[in-house]
Amino acid sequence: MTYPNQPRPDGFGPDGFDRDGSDAPAGWPQNSAYPGREGGFPGREGEGGFPGQRDGFPGQGDRSPGQGAGLPGHATPPGHTAAPGQRDGFPGHATPPGHTAAPGYTPPGYGAPAGYASPPGYAGAPGAGPTAGQGRATAPDVTAPLPGAAAVLTKPEAAGDTADSADEARPAPPARPGRDRYLDLLRAVALVRVVFFHLFGWAWLTVLFPSMGVMFALAGSLMARSLSRPAGSVIRSRLRRLLPPMWAFSLVVVPVMFALSWKPVRDEGLWWFLKLGCYLFPIGSPPYPEESGSPGGLLELTWADQAVGPLWYIRAYLWFVIASPLLLKAFRRLPWVTMLAPVVLTAVIGTGLVTVPGMLGESLIDFAVFGGCWVLGFAHNDGLLKEVPRYLAVSSATIVMGFGLWWASGHLTEEGWNLDEIPLAQATWSLGFCAILLVYAPSWRKLPGKLAGWDGLVTLANNRAVTIYLWHNILLMAGAHLVDQLWNIPWFGDTFDTYIEQSYDALILIAIWPLIGLAILSFGWVEDVAAKRRPRLWPNGSDKRRATA
């Protein structure tokens, strides 16, 4: 089993931590800040753990300006009375039988289209809009007298029939959009991939599926959608959902460090205690002992390094959330410049051309490497990617990815093709990879085909993403300790010694999933409390599936 000295969990981070939103289903337009692109949903955030789900439909507009009640040369439909100002009939033609012309009204030659009948229950009153029930103006009852006109029905019983028909003909309000299961599936895959990477240490996994870039892109899309609300409330919502799960993690890990003889660094003085505060508010990398525990003990010497390593993603995510209001304004003014600027910054500070030391340098490099993916999420939310011809978007993304691989080939580290250790390669490969994923995003309401069998696990992974991410490294170490105990079982350890050694990592892989389940049961409810929801032990969506069955 491989544990890098500085684990870089290039996989699922908390975000989508935000649980911000059920993504719009297929066919629904995205919000847009670009001139000429209207419609869609106001900012909303999703259920299942990401901060602040809200939903709503903007009022749909009335019919187009200048759209009249009829076309030239057609009579008013039978059973209806022309409203004042509604044009009726041909010049020189008589009013149709069974109808009464409005007093003082002279038909100038316009009427309803041929073969057209007004919807039952709808009268062409002045200014009346489309049918009620669609967020538009409600049509007046056909039996009510119209201003300046006699309300006439040739058959008295037609009024009741018309009212019943109106209820049948009125379209049902649009269904509330659900989560985008395609994006949920990407989050779940990213989680599994990061567990595999930290267990087996296969560097090529960072090329096969750049989990960290994917998660930043998804989180950026959700953040852009939420920023249709006031920025201050959105940031507070993110922090409220992000920090409590981290506090629960720190409440367990930090006391164990001190219990194992960890002490403040005297040379750093007050600065050391300020850095310790990063366990509460991760604006920088928190301190930890490089060696703690004992060789062969319950906690190996590098356990603190491995346990704290994932917190770098919390730090990067926090800075992206704080910077998003300004980033989004810049993006909507200069979209492509804003998207590519982080890549240029990575080429400057991520290649050694310019060195920024200390905590600021670490934060700045992470911000630059994954900033392009975050802004790409803005483009996905605003629909900008749909405006680019698909062939052009895919070919451009492929060129960017090709550059990333070329750069990586000349800057390989001891870990080989681990893009986590090659910032510029990580930035460009992740940006191109995520662009292709989002260009082809199908926006599923439900997982299709055989994937539907994984619906519960995908839902659980999304609802407990923060918990799984924060605890997975510690759980991998716990799994290794459990496998080690197999050698201590009388007869079994001696008999199967060779098999245990050969399948050591595979046995840990088997053990990690029930351990993750225990962590979800033990700490996952904190995510619900942080989101101001009723605590749930195992939120895999089974209750909703039963309710809709």
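Me: Let's start with asparagine 381. Which helix has it?

Reply: Asparagine 381 is in helix α10, which covers residues 358–382. Keep in mind that this is a predicted model.

Me: Buried or exposed, that asparagine 381?

Reply: Buried: its relative accessibility is 1%, and the cut-off for buried is under 20%.

Me: What does the side chain of asparagine 381 pair with?

Reply: With the side chain of arginine 225, through a polar contact of 3.3 Å.

Me: OK, zooming out. How many helices and strands are there in the chain?

Reply: The protein chain has 20 helices and two strands. It runs to 549 residues, and 49% of them count as buried.

Me: What about the surface, how big is the accessible area?

Reply: About 25,900 Å², with 64% of that belonging to carbon and sulfur atoms.

Me: Now α2. What span should it have, and what does it have?

Reply: Helix α2 is residues 181–200, so at 1.5 Å a residue its 20 residues should span 28 Å. Its end C-alpha atoms are 28 Å apart, which agrees.

Me: How many of the residues of α2 are buried?

Reply: 17 of the 20, so α2 is largely enclosed by the rest of the structure.

Me: What's going on at the two ends of α2?

Reply: At the start, a side-chain oxygen of aspartate 180 comes to within 3.0 Å of the backbone nitrogen of tyrosine 182. After the helix comes glycine 201, with a positive phi near 70°.

Me: At what angle do α2 and α4 pack?

Reply: About 150°, with their axes 9 Å apart. Helix α4 is residues 211–226, and the crossing of the two is left-handed.

Me: Which residues meet there?

Reply: From α2 you have Leu183, Leu186, Arg187, Ala190 and Arg193. They meet Ser211, Val214, Met215, Leu218 and Leu222 in α4.

Me: Why would residues three or four places apart point the same way?

Reply: An α-helix has 3.6 residues a turn, so residues with that spacing point the same way.

Me: Changing topic: serines. Where are serine 261 and serine 443?

Reply: Serine 261 is in the loop between α5 and α6 (270–276). Serine 443 is in the loop between α13 (423–439) and α14 (455–463).

Me: What's phi for each of those?

Reply: Positive in both cases: about 75° for serine 261 and near 60° for serine 443. For background, most residues other than glycine have a negative phi.

Me: Buried or exposed, those two serines?

Reply: Serine 261 counts as exposed at 58% relative accessibility, while serine 443 counts as buried at 13%.

Me: Last one: leucine 518, buried or exposed?

Reply: Exposed, at 52% relative accessibility; the cut-off is over 50%. Leucine 518 belongs to helix α18, residues 504–523. Its C-alpha is 9.8 Å from that of leucine 475, which is 43 residues away along the chain.

Definitions and conventions
Residues are numbered from 1 along each chain as its sequence is written. This is a predicted model: local features need pLDDT of at least 70, side-chain atom pairs count only at pLDDT 80 or more; totals for chains, interfaces and linings use all residues. Side-chain values use heavy atoms; hydrogens and water are left out. Helices (H or I, at least four residues) and strands (E, at least two) are DSSP runs, numbered from the N terminus. Buried means under 20% relative accessible area, exposed over 50%, partly exposed in between (1.4 Å probe, protein chains only). Accessible areas come from the Shrake-Rupley method with a 1.4 Å probe; for residues, only the protein chains shown count as cover. The expected span of a helix is 1.5 Å times one less than its number of residues. A polar contact is a pair of N or O atoms within 3.5 Å; within protein, one must be able to donate a hydrogen and the other to accept it, and residues adjacent in sequence count only if both atoms are side-chain atoms. Axes are lines fitted to C-alpha atoms, for helices over the stretch in contact, and angles run from 0 to 180 degrees between N-to-C directions. A crossing is left-handed if the near helix is turned anticlockwise from the far one by less than a right angle, and right-handed if clockwise. Contact means heavy atoms within 4.5 Å.
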